[in-house]
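Please view the sequence and the structure first.

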Amino acid sequence: MPTLATTVDGLKLPNPFIIGSGPPGTNLNVITKAFRDGWGAVIAKTVSLDAAKVVNVTPRYAKLHSRSGEEVIGWENIELISDRPFEVWEEEFKKCKDLFPDRVLIASVMEEYRKDSWIEIVERCGACGVDGFELNFSCPHGLPERKMGAAMGEAPDILEEVCGWVKSATKKPFWAKMTPNITHIEEPSRAALRGGATGVSAINTLRSVIGVNLDTLRPEPTVEGYSTPGGYSCKAIKPIALRMVMEVATMIRQEFPGRSLSGLGGIESGRDAAEFILLGADTVQVCTGVMKFGYECVKPMCNELLAFMEKHKFKTVSDSKGKSLDYFTTHADLVKRQAERKAAQKAAAANHHKMVQADSEWRSDQFVKQSNDLAR
Ligand SMILES: Cc1cc2nc3c(=O)[nH]c(=O)nc-3n(C[C@H](O)[C@H](O)[C@H](O)COP(=O)(O)O)c2cc1C
């Protein structure tokens, strides 16, 4: 019987399914629900030291439906990081660790480009007993005017420096969460790992405009008649997330063996999770999926992942980690492989044709070869 229990960066998880930073981990109330329902770990909603500067709007979500209208396939949000005071979060982190001492609670943090601020936020969260950190370098819409989030994650030099500050402030593991709004995700990931990050999380949301209302001519979500590009999530982004996870995993394998990778983007089932793990993820995160289906979805996800592992005789999650990475190559190599197979088939057919088909075809000068050919 396979097990879902796994240890990543010293963190012991009952299963690899982690609540991704966002509404499903936005206060102690919902974090408690996540742990009670069996999630492997929780990454809380991103916090900053001065929540007074974070002002959210409503509405702040917009959905893209399938043609039949039955299914939500894409989800845009213009939600900022947590607007709750940092002191409240400190209390809740402490209470959470009192309630669930054996469960893994990860603080997601984001700050301005100032060494003191990053060190302070990491030290204060650490003092509350959180087990690790995720550094949010990737929110696509929030606070670029303060050089936060993706504004930082798109600049590898800054990212490396900030990871160095965090490394100096904690002995706990920390993951750098990457933006997909960049051409080569390996570059900022590499910089974060050089700076000392224990692992990488990929991906955050894609910068998007989900649609325009054809009655009002206003883009959505519409706030006071106006809109702003937001972050796109949900199952529509899964192929992009898988590609980026594959690229980061390949880079980690070659340049930083032993560092971890947490994959996310559109995961809604255990089979989705299996795909991320096969492409190199140690853990998987779910955010929008929880908003669509509720916290209970972790149970069928675990069962589906277990069934996959059983089918392929993988005993642990790490047994299957990265197993599909070896099947990627260049397009030129695909062409070469196909040409080689076709040539081999042609040769075999020609050979078959040359075989003696009737007794009249036996030749005295080819007798041994013709005998051998017939034996193949
Ligand atoms: C409403 C909403 C709020 C989010 N807030 C945060 C956040 O505060 N910090 C963060 O790192 N990511 C945040 N995210 C991004 C998710 O954690 C995740 O990276 C992204 O949505 C892709 O995964 P998913 O398709 O499972 O949602 C948010 C996503 C949504 C939909």
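The sections below go from the domains to the details of the backbone.

## Model and numbering

The structure is a predicted model, in which local features need pLDDT of at least 70 and side-chain atom pairs count only at pLDDT 80 or more, while totals for chains, interfaces and linings use all residues. Residue numbers start from 1 along each chain as its sequence is written.

## Domains

The domain assignment of the protein gives domain 1 as 6–324 and domain 2 as 331–375; such bounds come from an automatic or database domain assignment. Taken over C-alpha atoms, the centres of domain 1 and domain 2 are separated by 56 Å.

## Ligand shell

There are 27 residues around the ligand, and Ser21, Gly22, Ser233, Cys287 and Thr288 come nearest. A residue is near a molecule or strand if its C-beta atom, placed from the backbone, lies within 6 Å of it.

At least two residues of the shell are supplied by each of strand 6 (72–77) and helix 9 (288–293). Helices (H or I, at least four residues) and strands (E, at least two) are DSSP runs, numbered from the N terminus. The shell around the ligand has 14 polar, 10 nonpolar and 3 charged residues. Here Ala, Val, Leu, Ile, Met, Phe, Trp, Tyr, Cys and Pro count as nonpolar, Asp, Glu, Lys and Arg as charged, and the others, Gly among them, as polar.

## Helix 3 against helix 5

Helix 3 (residues 115–127) packs with helix 5 (residues 156–169) at an angle of about 40°, and their axes are 9 Å apart. Axes are lines fitted to C-alpha atoms, for helices over the stretch in contact, and angles run from 0 to 180 degrees between N-to-C directions. The two helices are therefore oblique to each other (under 35 degrees counts as roughly parallel, over 145 as roughly antiparallel, 65 to 115 as roughly perpendicular and the rest as oblique).

On the helix 3 side, Lys115, Trp118, Ile119, Val122 and Glu123 meet Val162, Trp165, Val166 and Ala169 of helix 5; contact requires C-beta atoms, placed from the backbone, within 7 Å. By class, this contact has 7 nonpolar, no polar and 2 charged residues.

## Backbone features

Most residues other than glycine have a negative phi, and most peptide bonds are trans. A cis peptide bond joins Ala202 and Ile203, with omega about 15°; Ile203 is in the loop between strand 10 (199–202) and strand 11 (206–208).

Glu220 and Pro221 are also joined by a cis peptide bond, with omega about -10°. Pro221 lies in the loop between strand 11 and strand 12 (230–233). Glu224, which lies in the loop between strand 11 and strand 12, has a positive phi of about 55° although it is not a glycine.

Terms used:
Contact = placed C-beta atoms within 7 Å.
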